[in-house]
Amino acid sequence: GVPPVLFTDGPRGVVMLNSTCFPSAVVRASTFDPDVEYRVGKVIADEAIAQGANLFAGVCINAARNPRWGRTQESYGEDPFLLGEMGKALTVAVQEEGMIACVKHFALNSMEDLRFYIDVHIDDRALHEIYLPHFKKCVDAGAQCVMSAYNRYEEYHCGENKKLLTDILRCEWGFKGLVMTDWGTTEDKPGFKYGCSNAALCVKAGNDLTMPGSQEDVDAIVCAVGKDLTLGELQACAGRVLEIVLLRLQTEH
């Protein structure tokens, strides 16, 4: 009786069938008008729901430090305040229509190819003043899902980073929703995936869903229970997924 999470993406509009293609997010940000983004979000949500989706992972709010970054067009530019205001507007609009909004990529994902390899070291002031405030604004606005990033932060992949996902996101900010990994991408090393290189560590850090998920991830988690992972940590992740799915998705139109 548990309804599925039905994912769709698309910062320029829903990437499903015959959906509207809006101007890219960085162009919409040039209006400096969150109401424009709110109205865009309403249409995105309606089109996604009409085509069967219930989770929209198109709220991209990474700071564009360099215009050559390949994902610059998916975000809202380099200013944390503008990133937060536009991201908040899109998040609120999508969730008012009955969808889950997923905010990404948490965090410090502001480079292209190197995002798969880089280990970011940054002082706490820069972290909290430049790279995190827009994420907190979306969380405070009620975002129900956050996607972790590919890169490392202080030696740990963001999807396996307890400081980011538990200490900051859940404990400091009070986030009650679910965290999902970025999509798994296989590197040259067999068995290694950028989105989640170790499923048990993801769970332990507070990551609830490995995407797109595999039997290999399930087996790794089961094997880790009682060793590197407690049953309580696993139940906490499962509980967060169920809470969002059952309480949110069963109230859809």
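What covers the buried residues of α2? The close-up views below start there, and each is taken from a predicted model.

**View 1. Helix α2 and the elements that cover it.** Helix α2 runs over residues 34-50, 17 residues in total. Its span from the first C-alpha to the last is 24 Å, close to the 24 Å expected at 1.5 Å a residue. The buried residues of this helix are E37, V40, G41, K42, I44, A45, E47 and A48. As for the opening question, their cover includes β1, α1, β2 (55-60) and α3 (80-96).

View 2. After the helix comes G52, and the phi of G52 is positive, near 100°.

**View 3. S19 in its loop.** S19 sits in the loop between β1 (7-8) and α1 (25-29). Is S19 buried or exposed? With a relative accessible area of 19%, S19 counts as buried, because the cut-off for buried is under 20%. The side chain of S19 reaches the backbone oxygen of M16 at 2.7 Å. Setting aside residues up to four places away in sequence, S19 touches V14, E47 and Q51.

View 4. R152 belongs to strand β6, residues 152-153. A relative accessible area of 24% makes R152 partly exposed, because that class lies between the 20% and 50% cut-offs. Which residues does R152 contact, leaving aside neighbours within four places in sequence? They are Y117, I118, D119, V120, H157 and C158. For D119, the C-alpha to C-alpha separation from R152 is 4.4 Å, although the two are 33 residues apart in sequence. For Y117, the backbone oxygen lies 3.5 Å from a polar atom of the R152 side chain.

**View 5. Confidence along the chain.** The average pLDDT of the chain is 90, and 95% of the residues score at least 70. Where is confidence lowest, and where is it highest? It is lowest in helix α9 (residues 231-249), with a mean of 87, and highest in helix α5 (residues 133-140), at 98.

Notes:
Residues numbered from 1 in each chain as written. Predicted model: local features only at pLDDT ≥ 70, side-chain atom pairs only at ≥ 80, totals over all residues. Heavy atoms only, no water. Helix = DSSP H or I, 4+ residues; strand = E, 2+ residues; numbered from the N terminus. Buried < 20%, exposed > 50% of the residue type's maximum accessible area, 1.4 Å probe, protein only. Polar contact = N/O pair within 3.5 Å; in protein donor to acceptor, adjacent residues only side chain to side chain. Contact = heavy atoms within 4.5 Å. Expected span 1.5 Å × (residues − 1). pLDDT = per-residue confidence, 0-100.
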